[in-house]
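This report looks at one helix, the loop that follows, and a chain contact. The sequence and model come next.

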Amino acid sequence: MAVKNFVVASFSDEAVLFPAVKKVRTAGYKLHDVYTPFPVHGLDHAMGLRETSLHTAGFIYGITGTTTALSCMSWVFNSDWPMNIGGKPHFPLPAFIPITFELTVLFSAVGMVLTFCYLCQLAPFVKKHIFNPRQTDDKFVMAIEVTAKTNAEELKRFLAGVGGEDVNEQRVESGWWFGRFDREDRLFETKVEAVNA
Amino acid sequence: MKDQFVVPARLKRTSFVLMGVGLLTLLIGIFAFHGEHGSTRFWAGLLQNSSFFLLVVLASAFFIGATTLAHGGWQIGFRRVPEAISMAVPVLGAILFVILMLIAFTGKENIYHWLNAEHVKHDEILSWKSAFLNKGMFTAFSVVTIGAWSFFAVKLRKMSIEEDGWDLSAATGRRIVWRNTVWCGGFIVVYALTVGSTTPWFWLMSIDAHWYSTMYSWYTFASSWVSGIALIILFLVHLKRNGYLPMVNEEHLHDLGKFAFAFSIFWTYLWFSQYMLIWYANMPEEIVYFKPRVWGEWRPIFFLNLLINFITPLLYLMKRDTKRNYSSMVFISIVILVGHWLDFWQMVGPGTYKHLVFPWYEFGLGLGFVGVIIYVVIHQLTKAPLVPKNHPYLKESIVHHT
């Protein structure tokens, strides 16, 4: 993980945010991320993020569940401890289907949740920098990385020009670190200016 | 914007050719099938095809009903397509009704053996059921269900066309949503009580009159509903390919694809629920239904049914790209329609003409019904603009994003 410089702008409307994202990308700035208080349809597409592979992972987990269930049950009832249940054959496939289905769902669901947490770097005690506390409330916050080629002052003017409010530069950790929000930042105690002041 | 559908001459010719094939097959059937066994196959083929295609076009009315009640907006852009398909309900309903009445009142006992009064008297199970399974009830239920379906299909279509003459004000918008919700609510209740319960018992389940399954109607419904989605996709893609419906794009196709995917799995769920309990309990009066299908001549069809209606859509429609591609959706829609036609075939065949036959007659009749559906739908599509321009949710459909 590395400490980097970011220029941060917030937007109060999707209608301003979308053209701004487009202009930032056309201008060639390095878009770090856009934080929104709710899922915004089409924003991933506008930001040029690649299609997630979470569903491929889910398929693999599901197949793993299917194989686990079928192989485990057939091993138990065919070689480990064969039993005669209601005169059914030792490999009663229809009877195995519900459990196979359950394990498929269980494996893919749990696996996908864990993968999702990994991809988003979410876990207990994993802490990330919050660029603007209002990004979980009513502001769309855009963070742009200041690279060696970026002129920060020019970028600030550019962001203000495309409708960004409250443009500022922050020197922060770009990745995650171990910590606790309640002990370190006490964000809930930070005074935020009233919205309708 | 091309908003008014003009019937393409080629499609019209195709529909006539298909209807011709159907009629020719019917004529060949009249002359080729002799004796009791032949007559059974003749009527079973008609029953299978007309009930299948009626339920498939009826699924379009259900599509309108369900999406309207869910306050869906995404389907408004192409709502005229399921509307036009649902207008085939009165036509196919009339055909099915004639077939049902001919079967019941000319005493085709090999189709419905509860028609034989002498036999029912000595049969304990059938005499218990005779309060329900008799010609009077059969006729009454057929009249009521086909009548109610036709009424609601026509009503929903008429309301939608009528709204084209209204204005765009907020009050009108609320009125459109309100009355559509009310009428669709009424239709869904009727649909649930008929397709979801009683009607398939009479038309299809009573072929195996001793046997019963509470999953049967749901299973029939799932079959017809997923085929109905496939039919909507086919007409939608045809319109798109001819430059109509510019506001409909792969986002809408993607959502229809999700429906096809989800309800293929739903069909399998119901299919399996019906099968597993009977397999598990292994009681003679219940396994009679599955005996010819799993351990008799129909065994290949039984497994083909699962392969084509579950494994194929499951693996094929799982990927996002296939659901967003017009050609691949046409392919899978045809697979689904043929697959569920096979499903209905194995529902009717083993109980009536018993032996597995090469289904040239059944398939030829099916093509005839497809011709009728194409003819009615393209004719109906010309009757109104393709976009309901005053519907308040139209914008939601245009900007739709999955």
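Which residue takes a positive phi just after α4(A)? That residue is Gln121(A), with a phi of about 55 degrees.

## Model and numbering

This is a predicted model, in which local features need pLDDT of at least 70 and side-chain atom pairs count only at pLDDT 80 or more, while totals for chains, interfaces and linings use all residues. Residues are numbered from 1 along each chain as its sequence is written, and chains are lettered from A and ligands numbered from 1 in the order in which they are written.

## Domains of chain A

Chain A has two parts: domain 1 covers 3-51 + 128-178, and domain 2 covers 53-120. The bounds come from an automatic or database domain assignment. Taken over C-alpha atoms, the centres of domain 1 and domain 2 of chain A lie 43 Å apart.

## Helix α4

Helices here are DSSP runs of H or I with at least four residues, strands are runs of E with at least two, and both are numbered from the N terminus. α4 of chain A runs over 93-119. α4(A) has 27 residues. From first C-alpha to last, α4(A) reaches 37 Å, close to the 39 Å expected at 1.5 Å a residue. The expected span is 1.5 Å times one less than the number of residues.

α4(A) bends by about 25 degrees at Ile99(A). That bend is the angle between axes fitted to the seven residues ending there and the seven starting there. Leu103(A), Thr104(A), Phe107(A) and Ser108(A) are the buried residues of α4(A). Buried means 20 or more other C-beta atoms within 10 Å of the residue's own, exposed means 12 or fewer, and partly exposed lies in between, with C-beta atoms placed from the backbone. The cover over these buried residues includes α3 (54-80) of chain A.

Gln121(A) sits in the loop between α4 and β3 (126-128) of chain A. Phe125(A) has its place in the loop between α4 and β3 too. Phe125(A) has a positive phi of about 70 degrees, although it is not a glycine. Most residues other than glycine have a negative phi. Gln121(A) is exposed, with 10 other C-beta atoms within 10 Å. Phe125(A) is exposed, with 10 other C-beta atoms within 10 Å.

## Contact with chain B

In chain A, 6 residues are in contact with 7 residues of chain B. Contact means C-beta atoms, placed from the backbone, within 7 Å. α4(A) gives the most to the chain A side, with 3 residues. That side has 4 nonpolar, 2 polar and no charged residues. Nonpolar covers Ala, Val, Leu, Ile, Met, Phe, Trp, Tyr, Cys and Pro; charged covers Asp, Glu, Lys and Arg; the others, Gly among them, are polar.

Technical notes:
Contact = placed C-beta atoms within 7 Å.
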